[in-house]
Amino acid sequence: MDSRPSPSVIAEGMNLAVRNAGRLLTDANTLIASGSFATAASLAALSIEESGKVALLRTVALATEDKALKTAWKEYRSHKSKNFAWLLPDLVKSGATTLDELYPLVDPESSHPTVLDQIKQAGFYTDLLTGNVWSYPSQAVTEELARSLVDRAASLLSTRSHTAREVELWVQHVGPTWRGSMDDMKKSVESWHLAMVREGLATEAAPTMRDFLFGPSKSEG
């Protein structure tokens, strides 16, 4: 069974995931330049999955029981659990600015994690499809799709270094309300972010974290 890692180990894992996501994205761009679009798309999908590990490691940090820890590590190693955010650019482009408006990313009924996994497989492998039609990577993945996935991977790549103190504050503020009511968890995440800002580990952006979590109307009240 996987052990319960320390904050410093979790932070190291976050940074290594980000570094590897960047490496995969660099390789994908190289393949785009050479015209190898199918493999580029698959590597971009892998980069998205690596970026997704950061959020899943936050769940690992909050696991206080062996069963919860086992589940958290299982999600960490699940391809579909790691690629949920690949539609984020679409939602932002359509005007989503709050956490509630991003719900489709984590909707258990949504098929988008499966779709990305299928695209990744199509870029690597041949397969026999319905109607006895064979799928071949260079025919299954277009240049437009490959470039779109590379752009998505780039937009999801973290731009900052993660620290053990960040993880400690996450556990301290979010841990007590984890898996509780959504409103309580939102307040805890806001408290965590404020602590990060106070300690110089994060900056307040626009929209503010409070606007993102609760929406502008509530934050003004």
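The structure discussed here is a predicted model.

Arg210 lies in helix H11, which covers residues 209–214. Lys186 is 24 residues away from Arg210 along the chain, and the C-alpha atoms of the two are separated by 8.7 Å.

## Helix H6 and its surroundings

Helix H6 runs over residues 112–124 and has 13 residues. From the first C-alpha to the last, H6 reaches 19 Å, close to the 18 Å expected at 1.5 Å a residue.

The buried residues of H6 are His112, Pro113, Leu116, Asp117, Ile119, Lys120, Ala122 and Gly123. Four helices receive the packing of these buried residues: H2 (37–62), H4 (79–82), H7 (137–140) and H8 (143–156).

## Packing of H2 with H6

Two packed helices are described by the angle between their axes and the distance between the axes. For H2 and H6, the axes come within 7 Å and cross at roughly 140°. An angle has to be over 145 degrees to count as roughly antiparallel, and H2 and H6 are therefore oblique to each other. Their crossing is left-handed.

On the H2 side, the residues that meet H6 are Ala38, Thr39, Ser42, Leu43, Ala45, Leu46, Ile48 and Glu49. On the H6 side, they are Leu116, Asp117, Ile119, Lys120, Gly123 and Phe124. By class, the contact of H2 with H6 has eight nonpolar, three polar and three charged residues. Leu116, Asp117, Ile119, Lys120 and Gly123 are also among the buried residues of H6.

## Packing of H2 with H8

H2 also packs with H8, at an angle of about 25° and with the axes 8 Å apart. Angles under 35 degrees count as roughly parallel, so H2 is roughly parallel to H8. The crossing of H2 and H8 is left-handed.

From H2, this contact includes Phe37, Ala40, Ala41, Ala44, Ser47, Ile48 and Ser51. From H8, the partners are Glu143, Ala146, Arg147, Leu149, Val150, Arg152, Ala153 and Leu156. The residues of the contact of H2 with H8 divide into 10 nonpolar, two polar and three charged. Ile48 of H2 takes part here and in the contact with H6.

## Packing of H1 with H8

H1 (residues 7–34) is another partner of H8, with axes that come within 10 Å and cross at roughly 155°. Because angles over 145 degrees count as roughly antiparallel, H1 is roughly antiparallel to H8. The crossing of H1 and H8 is left-handed.

The H1 residues in the contact are Leu25, Ala28, Asn29 and Ile32, and those of H8 are Ala146, Arg147, Val150, Ala153 and Ala154. By class, the contact of H1 with H8 has seven nonpolar, one polar and one charged residues. Ala146, Arg147, Val150 and Ala153 of H8 also meet H2.

Arg152 is placed in helix H8. Its relative accessible area is 12%, so Arg152 is buried. Not counting residues up to four places away in sequence, Arg152 touches Ile48, Trp86, Leu87, Pro89 and Asp90.

Ala21 is placed in helix H1. Ala21 has 0% relative accessibility and therefore counts as buried. Leaving aside neighbours within four places in sequence, Ala21 is in contact with Ser47, Glu50, Ser51 and Leu157. Ser47 and Ser51 are also among the H2 residues that meet H8. Ser158 is 137 residues from Ala21 along the chain, and their C-alpha atoms are separated by 9.0 Å.

## Positive phi in two loop residues

Asn132 is found in the loop between strand S1 (127–129) and strand S2 (133–135). Its phi is near 60°, a positive value in a residue other than glycine. Asn132 has a relative accessible area of 63% and is therefore exposed.

Arg179 is found in the loop between helix H9 (164–174) and helix H10 (182–198). Phi of Arg179 is near 70°, again a positive value in a residue other than glycine. With a relative accessibility of 61%, Arg179 counts as exposed.

Terms used. Residues are numbered from 1 along each chain as its sequence is written. This is a predicted model: local features need pLDDT of at least 70, side-chain atom pairs count only at pLDDT 80 or more; totals for chains, interfaces and linings use all residues. Side-chain values use heavy atoms; hydrogens and water are left out. The expected span of a helix is 1.5 Å times one less than its number of residues. Buried means under 20% relative accessible area, exposed over 50%, partly exposed in between (1.4 Å probe, protein chains only). Contact means heavy atoms within 4.5 Å. Axes are lines fitted to C-alpha atoms, for helices over the stretch in contact, and angles run from 0 to 180 degrees between N-to-C directions. Angles under 35 degrees count as roughly parallel, over 145 as roughly antiparallel, 65 to 115 as roughly perpendicular and the rest as oblique. A crossing is left-handed if the near helix is turned anticlockwise from the far one by less than a right angle, and right-handed if clockwise. Ala, Val, Leu, Ile, Met, Phe, Trp, Tyr, Cys and Pro count as nonpolar, Asp, Glu, Lys and Arg as charged, and the others, Gly among them, as polar.
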